[in-house]
Amino acid sequence: MSELINKIYANLNYQKQFGNLLYVDKDVKVKDLKNEFINEEVVIKKEVKSNNISKNSVNKNWDKSESLDILRSNIHNCMECELGATRKSFVFGSGDPKSKILIIGEAPGADEDEQGVPFIGRAGKLLTKILEAINFSRDEVYIANIIKCRPPENRRPTKDEVDQCEPYLKKQIELLNPEFILALGLTAVNTLLKGDYKMKDVRGKVLEYEGRKLLITYHPAALLRNPTWKRQAWEDVKQLRAMYDEYMGKNS
Ligand code: URA
């Protein structure tokens with residue numbers, strides 16, 4: 001009798017821990033219950049996620065957009081990948097649409113997601129200072145990211161997310177028609193160049209991206225973590241300023 005009572009108590013305890021979903025009225029070890037619990041959670045999450053992806057959430061002719069404003073309105077409700085379901089804002093980009101300089105980061109973070117503007121959090125404030133150090137205000141350049149929606153926990157964007165979102169950036173580049181692109185960090189570089197470069201392979205050089213000059217420097221978030229890299233970043237942006245001045249001297 002006392003064995004039966006113990007079993008009932010043990011089962012009630014399992015039920016309290018894991019809920020009715022996993023309550024089993026038989027001798028099951030806690031370890032097995034945990035495994036079931038974890039598997040169950042994964043299945044539930046997968047279902048929720050796939051339900052949230054809805055194709056055709058952008059205007060089907062978005063790639064024919066004739067201005068940045070039209071492009072933005074054609075794609076800003078995008079739900080073509082999982083990030084659509086978790087974002088607060090679609091962070092399209094900001095700055096002067098006529099600028100000859102496009103700066104490309106990785107993905108919006110929490111502040112950007114909150115306000116819908118790229119690079120306004122801690123890393124963004126550093127980027128603003130870096131630009132000011134070479135006598136540019138944020139409004140004189142255009143700033144965008146490889147992907148438009150914040151990945152949860154600020155994780156790196158997945159390949160699928162990048163593949164889904166990169167065509168929007170390409171269209172943005174076509175419409176902006178910048179002379180110079182400054183890529184911030186390796187996600188931006190390796191997405192644009194379809195490579196697996198390390199910073200030492202690419203920074204300090206003038207590369208090319210679809211007929212535009214591509215310069216590379218550290219992501220400001222990396223500079224916040226490793227302030228000793230700031231000196232090299234300073235050299236990189238000075239080079240950008242010098243090339244820009246030379247170009248404007250010849251073309252104005
Ligand atoms: N980091 C990025 O790459 N982009 C932002 O917009 C903000 C932080």
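This is a predicted model: local features need pLDDT of at least 70, side-chain atom pairs count only at pLDDT 80 or more; totals for chains, interfaces and linings use all residues.
Biologist: How many helices and strands does the chain have?

Modeller: Helices (H or I, at least four residues) and strands (E, at least two) are DSSP runs, numbered from the N terminus. Here there are 11 helices and six strands.

Biologist: How do strands make a sheet, and what is the strand order here?

Modeller: In general, the strands of a sheet pair through backbone hydrogen bonds, either parallel or antiparallel. Two strands count as paired if DSSP finds at least two bridges between them. In this model, six strands form an open sheet with mixed pairing, in the order β1-β3-β2-β4-β6-β5. β1 (94–95) and β5 (207–209) stand at the edges; each has a single partner strand, so one side of each is left without a neighbour in the sheet.

Biologist: Which pairs run parallel, and which antiparallel?

Modeller: β2 and β3 (residues 142–145) run parallel, joined by four bridges, and G105 stands opposite N145 in β3. β2 also pairs with β4 in the parallel sense over four bridges, with L102 opposite I181 in β4. Five bridges link β4 to β6 (residues 212–217), again parallel, and A183 stands opposite I216 in β6. β5 and β6, in contrast, are antiparallel, with three bridges. They form a hairpin with two residues between them, and E210 in the turn has a positive phi of about 45°.

Biologist: Is K64 buried or exposed?

Modeller: K64 counts as exposed because it has 11 C-beta neighbours inside 10 Å. You will find K64 in the loop between α2 (30–52) and α3 (68–75).

Biologist: What is a nonpolar core, and which residues have the most contacts inside the largest one?

Modeller: A core is a set of buried Ala, Val, Leu, Ile, Met, Phe, Trp, Tyr and Cys residues joined through C-beta atoms within 7 Å. The largest here has 49 residues, and those with the most contacts inside it are I101, L102, I103, I104, L182 and A183. Strand β4 (residues 180–184) gives the most to this core, with five residues.

Biologist: And what is L102 in contact with?

Modeller: Contact means that two C-beta atoms, placed from the backbone, lie within 7 Å. Leaving aside neighbours within four places in sequence, L102 is in contact with Y142, A144, I173, L176, P178 and I181.

Biologist: Finally, which residues come nearest to the ligand?

Modeller: A residue is near a molecule if its C-beta atom, placed from the backbone, lies within 6 Å of it. Of the 13 residues around the ligand, G105, E106, E112, P118 and F119 come nearest.

Methods. Residues are numbered from 1 along each chain as its sequence is written. A residue is buried if 20 or more other C-beta atoms lie within 10 Å of its own, exposed if 12 or fewer, and partly exposed in between; C-beta atoms are placed from the backbone.
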